[in-house]
Amino acid sequence: MIYFNEDAEDLYQNAPFGYLTICSNGTIINANKTLLSWLKMKREELVEEKTFMDLLSIGDKIFYETHVVPMLQMQWEISEINLTIIGPHFSFPALINGKKVPTDKQTDAYYRFSLLNISQRKQFEIELIQARKNADNAFLKLQEVNQKLEQFAYLASHDLQAPLNTIIGMLSLLERKGHISKDTEETQYYSLIKNNISKMKLLISDLLEFSRIDSSNVQFTTVSLNIICKDAIQSLNNAIQECDAKIYVENMPDIIGERMLLTRLFQNLISNALKFRSKETPIIHIQYEQKENSITIKISDNGIGIDPKHSKEIFGFMKRLHSYDSIPGTGIGLAACKNIVEIHGGTINVESEKGKGSTFIFTLNSNIQK
Ligand code: ADP
């Protein structure tokens with residue numbers, strides 16, 4: 001076996017650490033080559049010429065005097081002290097360990113320090129802080145852009161309503177005055193125009209509703225889920241009567257939330273349960289489960305159901321599984337529900353099978369600050 005016979009002096013001089021020895025008055029009495037090369041100094045410029053304090057900034061000098069020296073004297077050692085070593089030609093941040101070296105009583109004690117050059121680590125830290133700052137700025141910009149987009153969606157959909165209403169008015173006038181003759185090509189064109197207009201009207205009103213869900217303006221108060229459910233069901237009275245739906249609502253508690261948004265959430269989910277009904281009479285159950293910090297609400301129906309492979313994507317903006325002509329809609333309702341639930345610190349998902357009804361399950365955080 002070949003042993004590597006390492007020379008102790010070489011190990012001291014060329015170690016990956018800077019080594020420094022000072023006597024009790026602070027004068028540097030020894031330094032290794034690594035430290036001299038980091039400082040870009042000659043031995044005779046440093047050893048017996050400078051004190052350790054000469055290599056420190058004013059702030060570090062104070063810290064050294066008030067913390068490092070007392071600790072060395074009392075505990076005989078210091079570890080991982082972060083100081084910047086300042087030479088005449090070059091400086092570097094260092095992590096310093098130190099030890100008091102016991103001597104016989106006639107000679108004063110002296111102190112040995114090892115210095116780990118952490119320039120690279122500091123550089124990474126600076127880069128990390130910069131990267132965090134950039135990410136924060138990008139996030140703020142994104143928020144700003146989002147807010148502008150929301151404003152744009154609101155204005156665009158709001159301003160589009162007026163000309164659309166004029167077109168609808170003019171068309172009805174044409175029909176009433178007998179300008180649309182029956183069973184001709186015009187009748188087809190007319191019903192096509194009417195169909196597209198109602199599609200556009202629905203899209204505009206859904207967009208308008210969606211853009212009104214603005215998390216920055218939400219005022220949370222104590223709200224009764226019973227009243228919210230009642231309001232939502234009442235607003236859907238016509239659709240409920242039309243299909244003779246049965247809705248069973250469990251007696252529910254009060255929670256902290258935003259009344260208008262929660263009403264819209266229940267409205268959207270109940271109206272979907274009515275809209276996507278099967279051939280059977282719609283039966284809808286609304287139940288809840290209270291946990292320590294949240295409430296879980298389930299709205300289940302006996303409708304057409306959803307293939308589980310679509311259970312995530314249906315919450316996407318304008319995502320639909322049916323054509324407008326088979327079942328009218330815009331695909332905005334569930335995206336709005338997701339936004340509302342998230343504003344209330346919760347999540348929403350669906351459990352369903354095609355042809356076997358659906359259960360929409362959402363949680364609302366009950367710890368939301370008023
Ligand atoms: P819209 O109702 O306007 O189509 P939504 O965003 O409310 O848009 O719903 C997205 C899609 O999710 C619907 O097109 C439908 O395919 C499916 N869906 C939503 N609710 C139900 C439900 N209760 N039963 C079956 N499918 C549903």
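The legends below describe close-up views of a predicted model. Local features need pLDDT of at least 70 and side-chain atom pairs count only at pLDDT 80 or more, whereas totals for chains, interfaces and linings use all residues. Residues are numbered from 1 along each chain as its sequence is written, and side-chain values use heavy atoms, with hydrogens and water left out.

**View 1**
The ligand sits in the largest pocket. On a 1 Å grid over the protein atoms alone, a pocket is an open set of points with protein on both sides within 12 Å along at least five of seven lines, a 1.4 Å probe that fits but cannot get out marks a cavity instead, and lining residues have an atom within 4 Å of a point. A molecule sits in a pocket if more than half of its atoms lie within 2 Å of the grid points of that pocket. The shell around the ligand has 20 residues, of which Asn272, Arg320, Thr330, Gly331 and Leu334 come nearest; a residue is near a molecule if one of its heavy atoms lies within 4 Å of it.

A polar contact is a pair of N or O atoms within 3.5 Å. In the side chain of lysine 275, an N or O atom is 3.0 Å from an oxygen atom of the ligand. A nitrogen atom of the ligand has a polar side-chain atom of aspartate 301 at 3.0 Å. Threonine 330 takes part through its backbone: an N or O atom there lies 2.8 Å from an oxygen atom of the ligand. On its own the ligand has 530 Å² of accessible area, and the protein covers 98% of it; such areas come from the Shrake-Rupley method with a 1.4 Å probe.

**View 1. Secondary structure around the ligand.**
Helix 9 (259-275), helix 10 (333-343) and strand 12 (358-365) are the elements that give two or more residues to the shell around the ligand. Helix 9 gives the largest share, three residues. Helices (H or I, at least four residues) and strands (E, at least two) are DSSP runs, numbered from the N terminus.

**View 2. Cysteines without a partner.**
How many disulfides does a search of the whole structure find? The search finds zero, a disulfide being a pair of cysteine sulfur atoms within 2.5 Å. For cysteine 243, which is in no disulfide, the nearest cysteine sulfur is that of cysteine 229, 17 Å away. Cysteine 337 is in no disulfide either, and the nearest cysteine sulfur, again that of cysteine 229, is 13 Å away. Cysteine 243 is buried, at a relative accessible area of 12%, and cysteine 337 is buried at 0%. Buried means under 20% relative accessible area, exposed over 50%, and partly exposed in between (1.4 Å probe, protein chains only).

**View 3. Two residues with positive phi.**
Aspartate 244 is a residue other than glycine with a positive phi, near 60°. The loop that holds aspartate 244 runs between helix 8 (237-243) and strand 7 (246-249). With a relative accessible area of 46%, aspartate 244 is partly exposed. Methionine 318, also not a glycine, has a positive phi of about 60°. Methionine 318 lies in the loop between strand 10 (294-300) and helix 10, and is partly exposed at 40% relative accessibility.

Leucine 164 belongs to helix 5 (residues 119-176) and is buried, with a relative accessible area of 5%. Serine 205, in helix 6 (residues 185-211), is partly exposed, with a relative accessible area of 28%. The C-alpha atoms of serine 205 and leucine 160 are 9.8 Å apart in space, and the two residues are 45 residues apart in sequence.

Lysine 279 is in the loop between helix 9 and strand 9 (283-290), and is exposed at a relative accessible area of 89%. Its C-alpha atom is separated by 8.5 Å from that of isoleucine 304, 25 residues apart along the chain. Asparagine 349 is part of strand 11 (residues 348-352) and is partly exposed, with a relative accessible area of 34%. From asparagine 349 to serine 91 the C-alpha to C-alpha distance is 58 Å, and the two are 258 residues apart in sequence.

Terms used
Polar contact = N/O pair within 3.5 Å; in protein donor to acceptor, adjacent residues only side chain to side chain.
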